[in-house]
Amino acid sequence: MFTGKDLGKTISKNFKHSLIEKELTIPKLAKKLGQARFTVNNFLNRLDQGSATLNTICKYANASGVSPYELFYESKLVPRKIEKKGEK
């Protein structure tokens with residue numbers, strides 16, 4: 001049975017992978033949101049526990065440049081390789 005906690009873990013993994021893909025660190029995201037780093041870390045912990053609200057998920061997704069619906073798909077679990085400038 002798929003639970004809210006399972007969904008939270010899926011969203012959390014996808015969100016973390018999208019941060020890596022966009023080279024967006026927690027301090028950078030916190031600055032974009034006008035929040036402290038520990039607030040962003042608390043959000044990530046709530047995601048893992050399946051207790052983050054949809055409103056908060058959308059807020060963080062939009063701030064990081066990700067469409068919120070993309071975070072719900074299991075197929076996003078494996079991040080694409082990030083190409084560095086000058087790399088092919």
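## A tour from the end of helix H4

Start at Gly65, which follows helix H4 and has a positive phi, near 80 degrees. The model on screen is predicted.

**Helix H4.** Now select residues 54-63, the span of helix H4. Which residues of H4 are buried? They are Thr56, Ile57, Tyr60, Ala61 and Ala63. Look down the axis of H4: the buried residues fall within an arc of 165 degrees, so they line one face of the helix. Turn to the other side of H4, where Leu54, Asn55 and Asn62 are exposed.

**Lys59.** Stay in helix H4 and pick Lys59. Leu33 is 26 residues from Lys59 along the chain, and the C-alpha atoms of the two are separated by 8.7 Å.

**H2 against H4.** The axes of H2 and H4 are 10 Å apart, at an angle of about 105 degrees. The two helices are therefore roughly perpendicular to each other. On the H2 side, select Leu29, Lys32 and Leu33; on the H4 side, select Lys59, Tyr60 and Ala63. Coloured by class, this contact of H2 with H4 shows four nonpolar residues, two charged and no polar ones.

**H2 against H3.** From H2, the residues in contact are Ile26, Pro27, Leu29, Ala30 and Leu33. They meet Arg37, Val40, Asn41 and Leu44 of H3. Seven residues of this contact are nonpolar, one is polar and one is charged.

**The core.** In soluble globular proteins, nonpolar side chains tend to be buried together. How many residues does the largest nonpolar core have here? It has 18, and the ones with the most contacts inside it are Phe15, Leu29, Phe43, Leu47, Ile57, Tyr60 and Leu71. Helix H1 (4-21), H2, H3 and H4 each supply at least two residues of this core.

**Leu71.** End the tour at Leu71 and display what surrounds it. Not counting residues up to four places away in sequence, Leu71 touches Thr10, Ile11, Asn14, Phe15, Ile57, Ala61 and Val66. Ile57 and Ala61 are among the buried residues of H4.

Methods: Residues numbered from 1 in each chain as written. Predicted model: local features only at pLDDT ≥ 70, side-chain atom pairs only at ≥ 80, totals over all residues. Heavy atoms only, no water. Contact = heavy atoms within 4.5 Å. Helix = DSSP H or I, 4+ residues; strand = E, 2+ residues; numbered from the N terminus. Nonpolar A, V, L, I, M, F, W, Y, C, P; charged D, E, K, R; others polar. Core = buried A, V, L, I, M, F, W, Y, C linked by side-chain atoms within 4.5 Å. Buried < 20%, exposed > 50% of the residue type's maximum accessible area, 1.4 Å probe, protein only. Axes fitted to C-alpha atoms, helices over the stretch in contact; angles between N-to-C directions. Parallel < 35°, antiparallel > 145°, perpendicular 65-115°, else oblique. Arc of directions from axis to C-beta.
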